[in-house]
Amino acid sequence: MAHLFAFTPIEEPNYVNGLKSSKKTKFPSTGMFQGFNLPSRLEGNIFDLEVTGTIPEDINGTFYRVQTDHRLPPMYEDDIQFSGDGAVSAFRFENGHCDFTHRYVQTDRLKAETKARKALFGKYRNLYTDSEMVKGVIRTVSNTNVLFWRGILLAVKEDGPPFAMDPATLETIGRYDFDGQVVSPTFTAHPKIDPVTGEMVCFGYQAGGDGHDASCDIVVYTIDKNGVKIEETWYKAPFCGMIHDCGISENYLVLPLTPLKVSLERMKKGGNHFAWDPNEDQWYGIVPRRGGKPEDIVWLRSENGFHGHVAGCYENEDGHIVFDLTVADDNVFFFFPPDNAPRESLQKRNKLTSDTCRWIFDPKAKTNSHVKPARLFGISGEFSRIDDRFCTKKYNHFWQLQIDPTKKYDFEKCGSPAGGLFNAIGHFTWNEGTKDMYWAGPTTTFQEPVFVPRNTDVEGDGYLMCLLNHLDVLRNDILIFDALHLAKGPLAVVHLPFKLRLGLHGNFVDQRDIEAWQELRKENGELGPVKPALKPLPWQERLLNGANETNGATH
């Protein structure tokens, strides 16, 4: 008897010359869409996840994280993970139990593509490769970070504005512009909230024009605890490059400018948004948090390197800025090679060293001064976290995913490690220089951790929470540790019955904060419900007015 598949007609090619040619919902066969990188594409809820061990009952709140997750096959076969639609997970912890909710961020882009049932946006941050059908539609996928601000969740990606979500249901409220106060085309994925003042310090790079035109403009905002914009200053960068993270001290903001360069000419030719420049320095922009003027920015530079994420930032007794972050010794984003060079491999990326560097910056130094790290911790990793109550303050403890080549990794069972070989997690101290590490086995890697404080004022007294990737069976767990004793292993393991795609960033929010803001934000509450943006962004209005003028319309 012939097998069923013997009668299946030969399918048309899915991609031809790198472009989607088939109308079928079928993803590329590249490494970006296989194995653990296969899109999850789910939304839903699970009540009372299975647990091994005991979840500490004083954990009462929600761990929010966001992943990049293409809802539909991409237009370009060689698309990358960072183009995936933002999908937010909420793990609600209460009385030793954990419930799960997962929803896509309903961005303008997701809505347009859902309606068309196909990808309409082209290459990563390159609007010149988009369908004409979506000209003027905000391109962001809001897939990089999710944070709690004045009663809402903000899903953010640095190429566009934030989108607001309901913290309880994860329903999307809409594009958020801080009640019309923040209208730049781009907004950082790493705003910082000062625990002393309650201020949010945030910025946008490539902030001139429409956010996709290789401008050197940087805008810095401060929003006070009442939601009022109290600072807005525009600065110029030495070139248009990536400024992914930042650090704030009591009086300063530090902006690490990575030598991933943007070229309008390259984009117009259909090329990549970024290209690594191995001959360019890494730069650090320093601006005052209050009363800044465009001429106040100080740019310091050091030898070529790739910035990772910031641990802590504070001012020492000399008034200098102590700034800690990971810096890799070559291009981490192998899919953005130098101009006229071929794309490199994840295997090469996993061989890079990414040490945690402590810089000490003099904010009064002359622009273009060269600096060197004051201290290297002597580890290789990424995704640093601290006790956020010590943001802007001198701190000691930090946690970080590690690449430990001394530990076995089972390539036969797992293949290439999706997202990088982050096969261990560590707790480190600056004062004592201690290293407290945990390894979960040869078939696992970790996602970014979050710190959950206990009800004390002691730095580091609390729990560490992170997702563990089981690469061999395509499934996730959530591990919960005593934050100061990782090597002892997790206190509890929360089991998911399926795989979530690799996440980027997230945060834990105490239930008392959620409930207090729910009271303020209810229909008849003191503040009332959050309002989505009511007007188009300035670049959209200019585009619309230009079209009206072309058509002879008046305005």
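The model is predicted. Its largest pocket has a volume of about 1,500 Å³, and strand E22 (306-315) is among the elements that supply at least two residues of its lining. His 309 lies in strand E22.

**Largest pocket**
- The lining comprises 50 residues, and those nearest the centre of the pocket are Ile 193, Asp 388, Arg 389, Asn 507 and Phe 508.
- At least two lining residues come from each of strands E8 (145-149), E12 (192-193), E17 (247-248), E22 (306-315), E26 (381-385), E31 (450-453) and E35 (503-510), and from helix H5 (511-521).
- E35 provides the largest share of the lining, six residues.
- By class, 22 lining residues are nonpolar, 13 polar and 15 charged.

**Sheet containing E22**
- Four strands form an open sheet in the order E22-E23-E24-E25, with antiparallel pairing.
- E22 and strand E25 (375-376) each have a single partner strand and stand at the edges, so one side of each lacks a neighbour in the sheet.
- E22 and strand E23 (residues 321-328) run antiparallel and are joined by six bridges.
- Val 310 has Leu 325 as its bridge partner in E23.

**His 309**
- His 309 counts as buried because its relative accessibility is 8%, below the 20% cut-off.
- Its side chain makes a polar contact of 3.0 Å with the side chain of His 244, and another of 2.8 Å with the side chain of Glu 382.
- Beyond its neighbours within four places in sequence, His 309 is in contact with residues including His 190, Asp 245, Leu 325, Phe 383 and His 505.

Conventions:
Residues numbered from 1 in each chain as written. Predicted model: local features only at pLDDT ≥ 70, side-chain atom pairs only at ≥ 80, totals over all residues. Heavy atoms only, no water. 1 Å grid on protein atoms, 1.4 Å probe; cavity = no way out; pocket = protein on both sides within 12 Å on 5 of 7 lines; lining within 4 Å. Points joined across faces, edges and corners; volume = space filled by probe spheres on them. Nonpolar A, V, L, I, M, F, W, Y, C, P; charged D, E, K, R; others polar. Pairing = 2+ DSSP bridges. Buried < 20%, exposed > 50% of the residue type's maximum accessible area, 1.4 Å probe, protein only. Polar contact = N/O pair within 3.5 Å; in protein donor to acceptor, adjacent residues only side chain to side chain. Contact = heavy atoms within 4.5 Å.
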